[in-house]
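Reader: Hi! Could you walk me through this one while I have it open?
Author: Happy to, let's look at it together.
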Amino acid sequence: MSNQSIDIAPEAVARRAAPRPNGLWALLGLIAVMAVMPWIASPYALLLMLPFIGYSIALLGFNLLFGTTGLLSFGHALFLGVGAYTAAVLTSKFGVLSFELLLITAALVSGLISLVVGALCVRYTRIFFGMLTLAFGMLFHSFLFKFYSVTGGDQGMRVLRPLLLGMEWRGGKTAFLTGPFYYYALILFALLGLAMWRITQSPFGLHLRAIRENAGKAAYVGVQIFRMRLAAFVISAIYGGIGGTILAVTTGLADPELAYWTHSGNLVFMAVLGGSGTFAGPAIGALVFVVLQDFVMSITQYWRFVMGAVLVLLVVFMPQGLSGTIEALANRRHGGR
Amino acid sequence: MTELVDVILGGTFHAAVLFLVAAGLQLVFGVQKIVNLACGSFYALGAYFGITAVGIAIKLGMPPVLFLPVLIVAGLAIGLVGLPIERVLRTIYRRDESYQLLITFGFLLMFQDVFRFLWGATPRTMDNVYLVYGTTNFLGVRVPTYNLLVIAASLAIAVGLGLFLERTKIGRIVRATAENRDMAEGLGVNASKIFALVFTVGCMLGTVGGALVVPSGAASLDMAVELVVESFAVVVIGGLGSMRGALVGALVVGLMRAAAISLVPELEMLSVYLVVVVVLIVRPAGLFGKATA
């Protein structure tokens, strides 16, 4: 009877509303592959995976804000910087070496800062939100850059090797990073991924999606827009801080460039590259970005040009990102359309 | 007293250049609703190309006195690079603004390496023409006459732009397109052409700004990304999309920076961002912005 009308419309609706359980599986699959990597990959490849883990964690948070809530932050590198400098200050000035303490402090500090910054920023949406977050990111950057005595200026600050689970690890830097630290970061990534999956599937996540789709209607049915957005901002900042701590331990250095706005731009780049519409997309984007950048840098000094061109082509031809494009192809194969 | 005049003159000079870039940003945002992160690249492009153009002109036997007009012409000419870029941007006008930000970010990255390829990684300066117009005594402070000429040129461009938008037929069409693109097209306006025109003019404002500033300093790879955040500060303070806002915002940022440099050098950029934050808390839409956010 009503078959004819069903044929046309619901497909698009259903695809949007249905949860994507494959998102979590994609992420866990990726992590599983990475868990066996130390047996097959070279130390160089493993060292490349560490920034990927750091960025992925930051992007899990970033995408709660961007993909789920619909707020594009162009200053998210601020929290990477906060995480990195927390690690640097604690290890080299206060002699705190426990990595767990570093993570907790980084999460707390970025949470607190994001509470203040977020309260000012989330009143805005769209481009205004992006510009405001950019301004705050640069505020922090110029603080790092100019206050030489506190932050080391453009030299940055050293991050000492932390203790994992209270244990000291002997051996060279590479052995430490590709061994215990690699697994530690990977497990952390898995746990934070699971937590983020729970968050996006919870009623809170539903509120955020409702705000993204139509803030006015969401408010009408009782969603506390300001609080929800602020909560999303704080959570994303905490993920950013943790990601920044991992990045800083990997390089052994916290420098102001981490908080520079082009670094925030790279985060957005990764999210869109992988596809911000899916759960695992940003992590895939981080992987492709890190590997691609490393590859292009090895063949030409003009790697920015190549990356920029990739970005332009991506935006024009593949706005759904890699995962979105794969999904669309899969849908087509399943006789969708 | 002389210190104060010094700060005001230095700040106004900086503001004059900043205004040009910010005006380009505002114009493009007002009509195309695109926030152009590549505006800093246009500025740097103007600076580099200005150096090359003046170098060639002097080699061809031009008297150094004529270098200011050469710079302006060079800036206008290289601004035409906006035309092909607008062709690419055209594909994404109806998309979400995150994509528009990203695509201009991509252009910014590409330009970075174009500069590195064409002009090298070391900063480039212009040979000894900066003081060709001598210095002027202004309330007891000696300033290069060139700085005053740039301030005057910038003011003239501001007035000219205002007259163009308010008084001419094309200006009215541009404003109509900015107000409502579909309606304007319904009335027979070729919006594609208007967009190409507006983007190119916006681009030229940036390149001329860069060309004008370079005799007093150097062209470097950093200037693009640094100017982006400064011009963002200008438009946020002044209000997105407002020309008067760009003028006032540029003055605020320019003077603030000059004052900070002479009083507390550490606060150079910090002070600018602090003003941005304060303005946003007190007047969320900026000083001249519309009250929507």
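Author: One term to begin with: two residues are in contact if their C-beta atoms, placed from the backbone, lie within 7 Å. In chain A, 80% of the contacts between residues at least 6 apart in sequence join residues at least 24 apart. This is a predicted model, where local features need pLDDT of at least 70, side-chain atom pairs count only at pLDDT 80 or more, and totals for chains, interfaces and linings use all residues. Residues are numbered from 1 along each chain as its sequence is written, while chains are lettered from A and ligands numbered from 1 in the order in which they are written.

Reader: What share of such contacts in chain B join residues at least 24 apart?
Author: For chain B it is 76%, again among contacts between residues at least 6 apart in sequence.

Reader: What are the ipTM and pTM?
Author: The ipTM is 0.77 and the pTM is 0.83. As for pLDDT, the predictor's confidence in each residue from 0 to 100, chain A has a mean of 80, with 92% of its residues at 70 or more. Chain B averages 83, and 98% of its residues score at least 70.

Reader: Tell me about α13(A), then. How many of its residues are buried?
Author: 22 of the 27 residues of α13(A) are buried. Buried means 20 or more other C-beta atoms within 10 Å of a residue's own; exposed means 12 or fewer, partly exposed is in between, and C-beta atoms are placed from the backbone. From first C-alpha to last, α13(A) reaches 39 Å, close to the 39 Å expected at 1.5 Å a residue; that expected span is 1.5 Å times one less than the number of residues. Just after α13(A), Gly252(A) takes a positive phi of about 75°.

Reader: Switching topic: how many residues does each chain put into the contact?
Author: Chain A gives 36 residues and chain B gives 37. On the chain A side, α7 (126-146), α14 (261-274) and α16 (303-317) each supply at least two residues. The largest share, 13 residues, comes from α7(A).

Reader: And what is the split into nonpolar, polar and charged there?
Author: The side of chain A that touches chain B has 27 nonpolar, 5 polar and 4 charged residues. Here Ala, Val, Leu, Ile, Met, Phe, Trp, Tyr, Cys and Pro count as nonpolar, Asp, Glu, Lys and Arg as charged, and the others, Gly among them, as polar.

Reader: What does Ala135(A) touch?
Author: Leaving aside neighbours within four places in sequence, Ala135(A) is in contact with Phe232(B), Ala233(B), Val236(B), Tyr273(B), Val276(B) and Val277(B).

Reader: Last one: how many helices and strands are in each chain?
Author: Chain A comes to 17 helices and 2 strands, and chain B has 12 helices and 4 strands. Along the principal axes, the C-alpha trace of chain A spans about 75 × 45 × 40 Å, and the C-alpha atoms of chain B fill a box of roughly 55 × 50 × 35 Å.
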